[in-house]
Structure formats: structure tokens, C-alpha cells
Amino acid sequence: MIYEIFRQERKGQPFHHAGSLEAANHDFAEQYAKEFYGRRGESEALWVVPREAIIEVDEFVDELKRNYHRVDGYSLKEKLRRARERVGSALVARDR
Amino acid sequence: MQDEVGHSQLIYRVVEDLGKPREQCLDDLISGKAKFHNVFHYPTKTWGDVGVIAWLVDAAAIISQKALLKCSYAPYARIMKKICWEESFHILHGRDVVLTLMNGTDAQRELVQEAVDRWWGPLMQFHGNPIAKDEDPMYVWRIKSQGNEEARQQFLDGYVPQIWELGLTVPDADLRKNDDGVWEYTEPDWDELRSVVTGHGPKSQDRLDLRRKARESSAWVRQVVLAEAA
């Protein structure tokens, strides 16, 4: 069986993918993971996960279809200029 | 030894994910079909060789391994991080052996010098012929991020001064660093490299025989492990 190994380098840090290993069962997987990724104190903790237990999602439908759901959908510069002009504050306000 | 076995486990795993079963890799290794690095085709005679191999061969190796850290295939790049990290211990180990011998007797210093003389040829061949980067498939496919000659120059620049400072000599009268920072050297023997890596080195067949025997004598371990897990 194939296991994916995630490694935490220091306490409090996120786990990062380190690699994978092949083992006959969970017990061997645990031992191999220690040998491959924890012999020299380089890991605080390991996650040993059977590859088949991982559900990968890599297709995302754009359900929103409206640009006002995204930060790049806003162009405030022109509106702000007009709003400032309306009250005559264009000269004092910082342009942003 | 455990480090190296661990590295092979990681690399075989990446190869398996790319579609080639481990058993097939091992079959190719012991049949002589798969190539392995030129330095493994030579005999190791004395403790001088042990030190010089762990120091200089591993130094040359880590330069090519570091060029894999930015590999375009991320799973390979990730395991190379761990491998490079461990190889750096091996260099220290080799340097320690060499320094101990150099601080010893004349006979011990002689062992180191003889080993440098023996290994210089294979070391200069190690990074391959100076093929242009753009014609090197390994570079074009972004498997490695450095050309062969670049790697060799980096090796010479890093380690020749370290060899010289111990009072050792390098068996190449034409070796020198030019004013532009480029090392000049006698053209390595590329025919020897080709012949050695295709299984015609002085120790090629012995090394393969040892792998064959190891595979046979460890067959029962694989059986027990798989039976235990079943």
C-alpha cells in the first residue's frame, strides 16, 4: 500500500508534504516513515496517510459568475474621483 | 548506509508513481541494463579511498543533486531536499576521515594522496561531458537546473583550494584558475566514462554480482514481511 507522508518541522508549523512510501501495512508504514523522515530530529511530527484515504478535489466550477464577488471586480478610482469632485475635496484628499 | 538505502526507497517511489514498478527497476539494475554512477565502477583500496570518496565524490554528487532541487516535477524536488540535507553529513564524515589521516603519519598522508590520484580522473568525468545546456535533455526538460560544465566548475572552485590547503596535490599539471575565474584542466577521458558506465569498469561486474546475491539472500525477508502483513 502507498502512504503519503506529511512532515512538521517545528512545533506550531503547518505540515508539509514530504514524499510517499510503500509499506505492507500501517505498522510497517509507521516504522518506515520514522526511518525516512525522522532519524535526525528533522521532524517534530509526521502524518502517515494511506494514499487511498485522500480525496483530491481539483475541479472548481465558477458558481459566482459575477465579478463583484472578487476583489478584482472593483474599480473605485473613477468613482472616488467623482465623489470628491462633487464635494470639492479633490485637492486635499490623498489619491488612492 | 541507512541514509543511502533510504534515498533509494524515496527515489524508487517517485519512479513507481511515474509508472515503472520497483521490481522492474531492480531487475534492470542487476541485469546491467540500468546505469549507475561512474564512481561505483572502481575499486576502493584503502582508508584513503574511504575518506576521499565520502569527501570529494559526495561533494561532486551534492552539486548535481542540488541542481535537482528546482526540478519541474515537484515530488522529485521535494525528496531531493531531504537527500541533499543528508548528503551534507556524508561530506563532513569524509572530510573528518581525510583530516585525521592528514594529521597522522607520513604513511597515512601517502594513502590520502594515492587516493586523490586514483579518484581524480573519475571525479573530473563525474559531471559528464561539457554538452551545451540547450542540448542537454535533462536541462531542457527542467529536471536539473545546471549544465554539466557549470557543475564541474563549481566543484573545482569549491574543492581544489581545500585539497591544496592540506598539502595534497592534484594529478593534473594543467589545472589552474584563470583570471576570469574559469578553471582550466586537462580534457577528461570521455571514452573511459562511456565504457565504465556501460558496465566495463574494473569493478562493474563485481558490484552487480553483489547486488544479485543481496537480492537472493534477502528474498526471505520480503516474503516474511508480506506474509506478516497479509
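Reply:
**A residue of the nonpolar core and its surroundings**

If neighbours within four places in sequence are left aside, Val52(B) is in contact with Val98(B), Val112(B), Ala115(B), Val116(B) and Trp119(B); contact requires C-beta atoms, placed from the backbone, within 7 Å of each other. The model is predicted, so local features need pLDDT of at least 70 and side-chain atom pairs pLDDT 80 or more, whereas totals for chains, interfaces and linings use all residues. Residues are numbered from 1 along each chain as its sequence is written, while chains are lettered from A and ligands numbered from 1 in the order in which they are written.

Val52(B) is among the residues with the most contacts inside the largest nonpolar core, a set of 42 residues, together with Leu56(B), Val57(B), Ala60(B), Trp119(B) and Leu123(B). Such a core consists of buried Ala, Val, Leu, Ile, Met, Phe, Trp, Tyr and Cys residues joined through C-beta atoms within 7 Å. At least two residues each come from S1, S2 and H1 of chain A and from helices H3 (47-66), H4 (74-102), H5 (106-125) and H7 (148-164) of chain B. H3(B) gives the largest share, 11 residues. Helices (H or I, at least four residues) and strands (E, at least two) are DSSP runs, numbered from the N terminus. In soluble globular proteins, nonpolar side chains tend to be buried together.

Val116(B) counts as buried because it has 23 C-beta neighbours inside 10 Å; the class needs 20 or more, exposed means 12 or fewer, and partly exposed lies in between, with C-beta atoms placed from the backbone. Beyond four places in sequence, Val116(B) is also in contact with Ile163(B), Leu168(B) and Val170(B). Thr169(B) is 53 residues away from Val116(B) in sequence, yet the C-alpha atoms are 8.0 Å apart.

Val182(B) belongs to the loop between strands S1 (176-177) and S2 (183-184) of chain B, and counts as exposed because it has 12 C-beta neighbours inside 10 Å.

The chain A elements named above can now be placed. Three strands of chain A form an open, antiparallel sheet in the order S2-S1-S3, where pairing requires at least two DSSP bridges. S2 and S3 (45-50) of chain A are the edge strands, each pairing on one side only. Neighbouring strands are turned by 25 degrees against each other on average, direction ignored; axes are lines fitted to C-alpha atoms, for helices over the stretch in contact, and angles run from 0 to 180 degrees between N-to-C directions. S1 (2-8) and S3 of chain A pair over six bridges, and Phe6(A) has Trp47(A) in S3(A) as its bridge partner.

Between the chains, 11 residues of chain A are in contact with 12 of chain B. On the chain A side, S2 (16-22) and H1 (26-37) each supply at least two residues, and S2(A) gives the largest share, six residues. That side divides into five nonpolar, four polar and two charged residues: Ala, Val, Leu, Ile, Met, Phe, Trp, Tyr, Cys and Pro count as nonpolar, Asp, Glu, Lys and Arg as charged, and the others, Gly among them, as polar.

Notes: Two residues are in contact if their C-beta atoms, placed from the backbone, lie within 7 Å.
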